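Hi everyone, thanks for coming. Today I'd like to walk you through a few charged side chains.

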Amino acid sequence: MHPPPLRFYVQVLICAALWGSAFPVIKNSYEVLQLDSYGKQLVFAGSRFLIAGLFILPFCRHRVLESIHRVPRLPLLAIVLGQTYFQYLFFYFAISASSGTLGSLLVGAGSFWWVLLAPVLTGSPSPRPVHWLLLVLCSIGIALAAYAPGAGSGNVLLGTAGFLAATLCGSIAAIYMKQVAPISGSRTTTAFSLFSGGCLLLITASPWIPEYLDQLSWKTVGITAYLAFLSATAFTIWNRLVEQYSVNLLSTYRFLIPLMGVIESVLFIPGETLGPGIVAGGLLILGSLIAISRLPER
């Protein structure tokens, strides 16, 4: 098997850096933009993803609705609800309840959801004993991280539950993206998913839209535009990689996302520190991620 080309590594690093920056930007935005209720936070999220979908549209090679019409409905619904709507319904709640550092680390759990769900959803071989051992080690790492995450961690149990639910939803969407992308194209599917999911988030948060608009400022517009650019760029690149490369190969480098997120959260979120649980748990989680991804294709 030939190693991937240089552009593969560059694209993975871009995704990791962009997604890593989302944790401190979103967490700091809650205070800077006075997003003091979950409803206003969801308006903020919905606006971000709706705009992100619109950003991608001009770069789609085919007409979006015609391409999407060819896709089976169940996988498409799983991508819209998993990649955007439910993933960020849980994520924005979790990051308001807990810390960006904890969330960054737990994002790595997505690779293990892939191992558990792929046999159920795609009929691929079931995990071998070594996979189960590494899953147990990852679970111990999550428990350690939640036990002593450091200063500024908020409600750790709620945050952990929310982040794990978010990664579960995102992993389901990623598995179905592997099936859908060859039909409609990863870029077109990503644009449709982000736009549709953003609309659903705005509908969910519609009672808070007037209050959100009353507080609208140029700072809000600027931060939303950056997060929309981040989503459009990172999701487009990553979903294209999902289309081109195996899940096993991608999970090898997925550990860079939580690593970058932890570093950027500690550097840029005031009051957050690395507790002993984050350090010990992080080593277990990241080590398990690297180990499980280096196992031969099943």
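Predicted model: local features only at pLDDT ≥ 70, side-chain atom pairs only at ≥ 80, totals over all residues.

Let's start with some background: side chains of opposite charge can pair when their charged atoms come close.

How many salt bridges does the structure hold? There are three.

Let's begin with Lys-40. Its partner Asp-36 sits with the closest N and O atoms 2.7 Å apart. Lys-40 also pairs with Glu-211, and there the closest N and O atoms are 3.4 Å apart. This second pair links distant parts of the chain: Lys-40 belongs to helix H2, residues 38–56, while Glu-211 belongs to helix H10, residues 209–214. The two are 171 residues apart. Put together, Asp-36, Lys-40 and Glu-211 are linked in a network of salt bridges.

Now, is Lys-40 buried or exposed? Lys-40 has a relative accessibility of 1%, so it counts as buried.

Let's move on to the remaining pair. Arg-240 forms a salt bridge with Glu-243, with the closest N and O atoms 3.1 Å apart. Where do these two lie? Both are in helix H11, residues 218–244, and they are three residues apart, about one turn of the helix. Arg-240 has a relative accessibility of 29%, so it counts as partly exposed. Glu-243, at 25%, counts as partly exposed too.

That's my tour, and I'm happy to take questions!

Terms used. Residues numbered from 1 in each chain as written. Heavy atoms only, no water. Salt bridge = Lys/Arg side-chain N within 4 Å of Asp/Glu carboxyl O. Buried < 20%, exposed > 50% of the residue type's maximum accessible area, 1.4 Å probe, protein only. Helix = DSSP H or I, 4+ residues; strand = E, 2+ residues; numbered from the N terminus.
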